[in-house]
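Grab a pencil and open the viewer.

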Amino acid sequence: MTEDGIVDDDLLTIGAFAARARLSAKALRLYDRLGLLTPAQVDDTSGYRYYRAGQVERARLVALLRQLDMPLARIAEVLGAEGPEAADRLAAYWADVEIRVAGQRTLAEYLRGRLSGRSSEMYEKFVIETVDVPVQVVITESRHTLADELPTWIGASLDRLTAAARECGGVTGAPFVVYHSEVSMESDGPAESCVPVADEAAARAWAAERGRAWETAVRVEPATRLAYTRITKAQVAHPQILAAFEAVEQWMAGEGLEMAGPCREIYFADWDAAGPQDAVCDVAFPVR
């Protein structure tokens, strides 16, 4: 072994390799344990790890990616790709980060308004009305889901249910999503997607035959009065939509109305065709 730690050919002791990579031996052991950077050789007797000089670049890359708070699985994906593909995977990860940070920034602004006592100003922007909804037969799909997966699931489930309803006499009303419990990053509902359907018997047969994979069911939604406010596509995003729900709740309290069932979102417009300022959804509570 030479003074700089070279052992045979271009093998380096973990200490020498750590110095070249500008990392600690502890970090290198962690990368080994996680499968991100495996030593070129491990002595069977002593357990000493040896690395090749050519692994320095990979070690530094792992360290830099971890500074971006990249999950280990995503780091493995980047390392497993080559050239432009690796760069594309990094770009995709960073785009996700920017979306998350933008959402957190909006949430922080919303919370700042609440903490500063300006909630009433936010609520005054919403027009609250009531509407009587008749009895409806609905074909439904339920799922426990956290907030980050909710938008994707809503779109997919309503598409499935709408297609099913068309086979069962047609869609007879606006699709809606019922929240039987809170959906957030800590609470997973459940949420229930619902599409009003014309033929109850046909819908029950469809659910029994083809709906098992998606927890599809059919039930009768009783007649009810809803207190609601209409919001735009931009306002559907979290946390803007929280202000809409809270505005309706505040209005209900002021009117002496009691909640008679779980809150819901009613989607009456073509989501894909709508622009950010187009009205697409009613945030509603059953009341009595």
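**Exercise 1: overall shape**

A compact globule of 288 residues would have a radius of gyration near 19 Å, while this protein comes out at 28 Å. Keep in mind that this is a predicted model.

Task: work out what box the C-alpha atoms fill along the principal axes.

Solution: 
- Start with the box: the C-alpha atoms take up roughly 85 × 55 × 35 Å along the principal axes.
- Then tally the secondary structure, which gives 10 helices and 12 strands.
- Next, look at burial: 40% of the 288 residues count as buried.
- Finish with contacts. Taking those between residues at least 6 apart in sequence, 65% join residues at least 24 apart.

**Exercise 2: aromatic pairs**

Task: count the aromatic pairs, then decide whether F245 and F285 are stacked or edge-to-face.

Solution: 
- Ring centres must lie within 6.5 Å to pair, and the count comes to 3 aromatic pairs.
- F245 and F285 make one of them, at 5.9 Å centre to centre with 90 degrees between the planes. Planes over 60 degrees apart count as edge-to-face, so that is the label for F245 and F285.
- Now place the partners: F245 sits in helix α10 (residues 240-255) and F285 in strand β12 (residues 279-287), so the pair ties together parts 40 residues apart in sequence.
- Check burial, where the cut-off is under 20% relative accessible area. F245 has 11% and is buried; F285 has 3% and is buried too.
- As for cover, Y267 is buried at 12% relative accessibility, whereas W271 is partly exposed at 35%.

**Exercise 3: a tyrosine in a strand**

Task: say which strand holds Y50, and whether Y50 is buried or exposed.

Solution: 
- Y50 belongs to strand β4 (residues 49-52).
- With 10% relative accessibility, Y50 counts as buried.
- Last, compare sequence with space: Y50 and L11 are 39 residues apart along the chain, and their C-alpha atoms are 5.9 Å apart.

How values were computed: Residues are numbered from 1 along each chain as its sequence is written. This is a predicted model: local features need pLDDT of at least 70, side-chain atom pairs count only at pLDDT 80 or more; totals for chains, interfaces and linings use all residues. Side-chain values use heavy atoms; hydrogens and water are left out. Helices (H or I, at least four residues) and strands (E, at least two) are DSSP runs, numbered from the N terminus. The radius of gyration is taken over C-alpha atoms; the globule rule is 2.2 Å times the number of residues to the power 0.38. Buried means under 20% relative accessible area, exposed over 50%, partly exposed in between (1.4 Å probe, protein chains only). Contact means heavy atoms within 4.5 Å. Rings of Phe, Tyr and Trp (its six-membered ring) pair if their centres lie within 6.5 Å; planes under 30 degrees apart count as stacked, over 60 as edge-to-face and the rest as tilted.
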